[in-house]
Amino acid sequence: MEAAEDTRGWSVLVAVMLFAALSHTSAAKDREAPRLTSGSSHQHHRLKRGWIWKQLFVPEEDPTLRVIGQLKSDYDRGESAIQYILSGEGAGDAFAIDEYSGEIRTLKKLDREEKAFYVLQAQAINRRSKEPEEPQSEFIIKVQDINDNAPRFQNEPYVSSIPEMCPTGTMVVQVSATDADDPMFGNNAKLIYSILQGEPYFSVEPKTGIIMTSWPNMDREAKEQYLVVVQVKDMLGLSGGFSSSTTVTVSLSDVNDNGPMFQHHLYTFAIPEDATVGTTVGRVTAEDADVGANARMTYSLLDDLEESATFTIKTDPATQAGVVVLAKPLDYESKRRYVMAAEVVNEQVDTAFLPLDEFTDRTTLKVVVNDVNEPPVFLSSSYEWKVTENAAVGSAVGVVSARDTDTADDPIRYSIDKSSDVTKTFRMDPLNGTITIAKTLDRETATWHNLTVIAKEAKHHRLSSTVVASIKVLDVNDNPPRLAGLYQPYICEGTQAGELIQLLSAVDPDEPPEGHHFYFSMVPDIHINPNFTIRDNQDNTAGIVARRSTFTRKDRSRYLLPVVVSDGGSPSLSSTATLTISVCSCQPGGHCPSGGVEALALSMGVSLQTFVGLLVCLVLITALTLLMLLLRRHRRKHKAGHKDASELELPDTVSQKVLYYGEARGRVPVPPCQQRAAVPLRPHPRKRDRRLVMEEMRASIRMSLRQSHLIGPEDEVFRQFILDRLEEADEDPYAPPFDCLRTYMYEGSGSSAGSLSSLESWTQEEPASSPRPYRARLSPWYGGGDEDTFF
């Protein structure tokens with residue numbers, strides 16, 4: 001009803017304005033008409049039209065299509081000669097004009113929130129000439145607002161936090177709502193805020209939407225969160241307006257307004273006496289209603305109570321509980337109960353809410369130690385003794401001692417772990433723990449002996465413990481010094497008196513504290529050695545020096561020189577070594593080419609002549625072997641040149657002999673039908689039989705060497721040795737080369753050479769006409785003179 005009345009009022013106002021404008025325009029034309037007629041002969045255009053409209057108004061959401069205004073030109077005489085044209089925003093869509101009357105009508109319902117005003121252009125033209133009668137005029141049609149939109153809250157949801165115990169009037173948050181209606185027209189967009197839920201703790205400022213606290217000392221521990229419902233209305237809250245609401249979540253943040261408090265006044269714990277350091281004894285807990293940093297606590301044990309250093313307490317960061325930890329070993333026999341005070345305090349305090357002493361609390365801790373049967377305890381963690389290596393068997397080295405710390409106080413039995421004394425060098429007294437020597441000590445064999453001593457309870461659980469006892473064997477001068485190596489000195493024939501022949505050094509297994517001091521000398525004798533002397537260099541070395549210059553191999557090939565080496569110990573020990581000095585025909589550079597052979601012969605304990613004889617024997621054996629191989633090769637070539645026996649014409653006086661050698665039957669004549677058959681005469685010798693024959697030869701050689709020191713071509717022993725070897729080589733059926741059945745051509749009659757076949761050598765009866773084998777005499781050896789050799 002009110003909207004309809006407003007519309008009618010605006011229509012009347014528009015009509016009055018149009019009427020006034022048209023009346024003013026007609027009067028102006030009447031005044032100008034005579035002026036144009038009498039003034040000039042041509043017509044002048046007007047500088048200002050009589051119809052200029054600034055704006056028209058139309059109510060929004062009006063479903064009725066109506067005339068909102070009319071255009072009227074001064075040249076319109078009602079003859080329909082003027083055509084009115086409307087263009088611009090909404091022309092033809094929202095607005096239309098009657099081309100004859102100039103009335104402007106609405107074509108649809110308008111929404112101010114969609115478009116608040118329209119800018120249009122109006123024009124009047126001559127219908128016949130299409131020429132404009134009036135210049136184009138621009139005007140505005142404004143859409144009038146009505147209250148058709150409800151207010152809406154922005155930035156939802158609203159969440160805010162304020163500290164607990166805050167004063168009244170503390171700002172919580174500001175809510176804000178908007179209304180799509182025109183804030184400049186009436187009260188359609190004028191908003192008012194109010195609280196529907198949240199009183200009496202909170203209030204809101206009606207025009208700004210600021211929410212504030214209205215209740216003093218709100219406690220987070222009593223209620224941590226509040227929901228505040230705020231309503232907004234347009235039309236200043238009058239009836240007929242629109243409204244909406246929103247919810248604000250208000251949380252109270254924590255402040256340190258509560259102190260910690262233990263749950264109990266007394267905590268009792270039990271722990272065994274063998275618990276290791278670091279073992280957790282128990283936990284104590286203090287409660288604090290605050291959260292976060294305000295609830296962090298620190299625990300401590302007060303020093304003014306007894307034995308507080310035996311335990312420590314620390315804070316568990318996850319649960320804020322106090323963890324009691326063992327800091328020192330326990331002993332039930334020494335102390336069985338501990339009583340101490342524990343204190344807890346907030347890490348952060350705020351005296352604005354509580355006094356300082358309210359942030360601290362105390363409780364009492366009692367720890368009971370439980371008895372545990374423990375193994376024996378040695379009075380020392382380790383033992384170390386020293387004993388000389390010449391200490392007598394049965395001498396005491398040291399004593400170990402252990403005790404049972406339990407109240408039962410069981411007797412202790414001692415023993416040595418067998419794995420630590422495999423040689424059983426020491427003996428342990430099981431009752432008193434005395435260690436004695438069971439075998440003779442030798443520092444050069446073992447300097448340290450690390451024994452594992454076991455102490456075991458004789459009763460009850462027979463618990464045991466171990467300790468290491470280290471025994472160091474001290475050195476005693478019980479080893480004589482000796483030369484550092486196997487010296488084989490030689491002297492050249494051209495050596496001059498005073499020249500150094502050999503540098504000597506010595507070694508001693510002993511280790512004197514001041515180091516080794518060796519002294520070198522010759523064996524004391526009535527006569528002075530005319531050939532050599534020993535020069536002590538006073539630095540644990542000595543040199544053999546020649547005393548004369550007339551050394552030749554013809555005179556003497558070697559000399560024996562005893563050397564005495566003594567140490568500086570107490571008592572002093574010495575040893576004597578005899579060096580063999582060989583005379584050598586040295587090369588210009590001083591090198592002795594035969595020094596190695598002579599030294600080898602001397603080291604074997606035989607003379608040079610014996611050694612050379614042995615080498616000659618080896619050469620002879622090698623030569624005989626080569627000769628046999630060549631003979632066998634010659635026989636093979638000879639056989640290859642023979643023709644088949646069937647093609648040969650042999651005399652009747654020649655009879656061919658074909659023999660078969662058997663292992664058990666010996667020689668057996670071959671039947672005539674088998675004279676041309678090729679069969680082996682004797683089998684290949686077995687390796688074992690040949691090895692036995694070679695061993696017999698070596699034994700014979702060694703026996704011959706032992707029988708004589710002088711072996712040469714003129715010696716009967718050597719001559720007989722060669723003859724025996726030749727006879728064994730001839731008669732040995734296993735000596736190479738190995739025969740097979742041969743067929744020989746006729747050698748001719750009257751030959752003085754005899755048969756070439758080796759078969760005849762096997763016969764036992766030697767023909768009377770067979771000449772004695774010729775034996776050549778070996779040439780005399782070089783060096784087989786009358787020289788004497790000394791060992």
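This is a predicted model: local features need pLDDT of at least 70, side-chain atom pairs count only at pLDDT 80 or more; totals for chains, interfaces and linings use all residues.
Trainee: How many disulfides does the chain have?

Mentor: Take cysteine sulfur atoms within 2.5 Å as a disulfide. That rule gives 2 here. Cys 492 bonds to Cys 586, with the sulfur atoms 1.9 Å apart. Cys 584 bonds to Cys 592, S to S 1.7 Å.

Trainee: Where do Cys 492 and Cys 586 sit in the chain?

Mentor: They link distant parts, 94 residues apart. Cys 492 lies in strand S35 (residues 490-492). Cys 586 lies in the loop between strand S41 (574-584) and helix H2 (595-604). Helices (H or I, at least four residues) and strands (E, at least two) are DSSP runs, numbered from the N terminus. Cys 492 is buried at 17%, while Cys 586 is partly exposed at 23%. Both Cys 584 and Cys 592 are buried.

Trainee: Why is the disulfide of Cys 492 and Cys 586 left-handed?

Mentor: Read the torsion about the S-S bond. For Cys 492 and Cys 586 it is about -85 degrees, so that disulfide is left-handed. The link of Cys 584 and Cys 592 has 105 degrees and is right-handed. With the bonded cysteines numbered in sequence order, the pairing is 1-3, 2-4.

Trainee: Now a sheet. What is the strand order in the open sheet of 4 strands?

Mentor: Strands of a sheet pair through backbone hydrogen bonds, parallel or antiparallel. Two strands pair if DSSP finds at least two bridges between them. The order here is S17-S19-S22-S21, with antiparallel pairing. S17 (261-262) and S21 (311-315) each have a single partner strand, so one side of each lacks a neighbour in the sheet.

Trainee: How many bridges join S21 to S22?

Mentor: There are 5, and S22 covers residues 321-326. Thr 312 has Val 325 in S22 as its bridge partner.

Trainee: How many helices and strands does the chain have?

Mentor: It has 5 helices and 43 strands. Of its 791 residues, 33% count as buried.

Conventions
Residues are numbered from 1 along each chain as its sequence is written. Side-chain values use heavy atoms; hydrogens and water are left out. Buried means under 20% relative accessible area, exposed over 50%, partly exposed in between (1.4 Å probe, protein chains only).
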